[in-house]
Amino acid sequence: MVFKLDERIKLPADREYDVLTAGEMLVDFISEEDQNTAGQGTYHPFFGGAPSNIAMNISRLGIRPIVASAVGNDRLGLFLVESLKKAGIDTKCVQIVEDSTSLVLITKSTSTPVPIFYRAADYQLAYTPELEQAVLKAGFVHFSCWPISMEPSRQTINRVIEAAKRRGIPVCFDPNYHPQVWRKGEDGTAYVKKIISQADIVKPSEDDAERLFGRDTPENQVQKYIALGAGLVIMTLGKDGAIVSNGQETARFETLAHEVVDTTGAGDAFWSGFYTALVRGSTVREALRSGFAVSAFKLKYTGAVVPLPDLNIIQAEYGC
C-alpha cells in the first residue's frame, strides 16, 4: 500500500480493535541518575516494550488497542498484565509462559538511551486462534524488530503479516534493529530488510538506519527503505524533526519538543499519536503532526508510558 500525505487511510468498518500491537511486553528498569558507571545507581521499574507501550498510550489517547505478547508466570509478568487491565485493555492475547518475564536496564538520558537486554518470555509468543481472530478484527497491525529476532515469535509474526495482508489491513513495522537482541552469530539485517519489503508503514530513527545500512544522509536512508518496498517511511531525526516519504512525495517536519527529560519511549509516543489521529479521520500529514505532538508531550516525563490526556487536548496544546 502507498499512502498519500493529504489523504485519509480507509480502515475496516467492522473492526473491533483499532490497533493490534504484537511483540514484547517487558519491564524497563530506568536509572534515577542521568549517568551510571559500572552499573551503580538506583533503578526503578516501568511498564515497557514498544508494542505494549503503544497500546497503553493509544488507550489513554482515546482509541481501542489489543496486545499480543508473552510474559512469565512471575511477579513482573503479573505487574504487566495488571497494568493492561487497569488501563481497560483486552488481555486475551497476552500469553503466560514458564520463562521469566523479559526486562531491560536503561540509563535515563536526554539523548538516545543505551539499553541492556535480558530476554526470556517475550519471544515465546505463539500464533493462537485468539491471536488470529484479533488480527482479523484490527484496523492496523503493529510490531517491532524484537519478535522477529528469535523463534518461535518470528514465525508468529510471519503468520500475523500473512493474515493482515489477506484482510487488507495495513502492516506497520518499527525497524528498531539492535544486534544485541538477535542470537549470537546471526546477522539480522537481511531478515529485517525482508520484513521492510512487506511493510506498509515503517518509522526508523537515524540510529536505526545507521545500524541497518551504515552512515549516510537522512534523505538517502529514506530512499533505501523505499527501495526495499516500504509504502510510507517516517524517519525521525531527533531535534531536527523528521523526513517522510511514500516514494512519490517527500515532506519535512519540525520537532514540537521544547523540553526533554527522558527520551525513553518517544518513538512509541509518536506511533500512538499517529495511529489515534488516523483512526479519528485525519489525513496522513495531519496524523504525522499529531504523532510529533504526543512525542513532545511524552518527552517531558520519565518512562515510556506517561499520563497522556485525550488526543484532542494534546493537539490543542501543540496547535495541531
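Q: Leaving aside neighbours within four places in sequence, what is D122 in contact with?
A: D122 is in contact with E24, A70, S102 and W146, where contact means heavy atoms within 4.5 Å. This is a predicted model, where local features need pLDDT of at least 70, side-chain atom pairs count only at pLDDT 80 or more, and totals for chains, interfaces and linings use all residues. Residues are numbered from 1 along each chain as its sequence is written, and side-chain values use heavy atoms, with hydrogens and water left out.

Q: How far apart are D122 and W146?
A: They sit 24 residues apart in sequence and 8.4 Å apart in space, C-alpha to C-alpha.

Q: And where is D122 found? Buried or exposed?
A: D122 is in the loop between β7 (115-118) and α3 (129-136); helices (H or I, at least four residues) and strands (E, at least two) are DSSP runs, numbered from the N terminus. D122 is buried, with a relative accessible area of 1%. Buried is under 20%, exposed over 50%, partly exposed in between (1.4 Å probe, protein chains only).

Q: Switching to α1: what span should its twelve residues have?
A: Helix α1 (residues 50-61) should span 16 Å at 1.5 Å a residue, and its end C-alpha atoms are 16 Å apart, which agrees. The expected span is 1.5 Å times one less than the number of residues.

Q: How many of the residues of α1 are buried?
A: Ten of the twelve, so α1 is largely enclosed by the rest of the structure. Among the buried ones are P51, M56 and L61.

Q: What follows α1?
A: G62, with a positive phi near 120°.

Q: How do α1 and α9 cross?
A: The axes of α1 and helix α9 (residues 266-279) come within 8 Å and cross at roughly 45°. Axes are lines fitted to C-alpha atoms, for helices over the stretch in contact, with angles from 0 to 180 degrees between N-to-C directions. The two helices are therefore oblique (under 35 degrees is roughly parallel, over 145 roughly antiparallel, 65 to 115 roughly perpendicular, the rest oblique).

Q: Which residues make that contact?
A: On α1, A50, N53, I54, N57, I58 and L61; on α9, D268, A269, W271, S272, G273, Y275 and T276.

Q: Last one, α10: how many of its residues are buried?
A: Twelve of the 15, so α10 is largely enclosed by the rest of the structure. What covers the buried residues of α10 includes α1, α9 and α11 (311-317).
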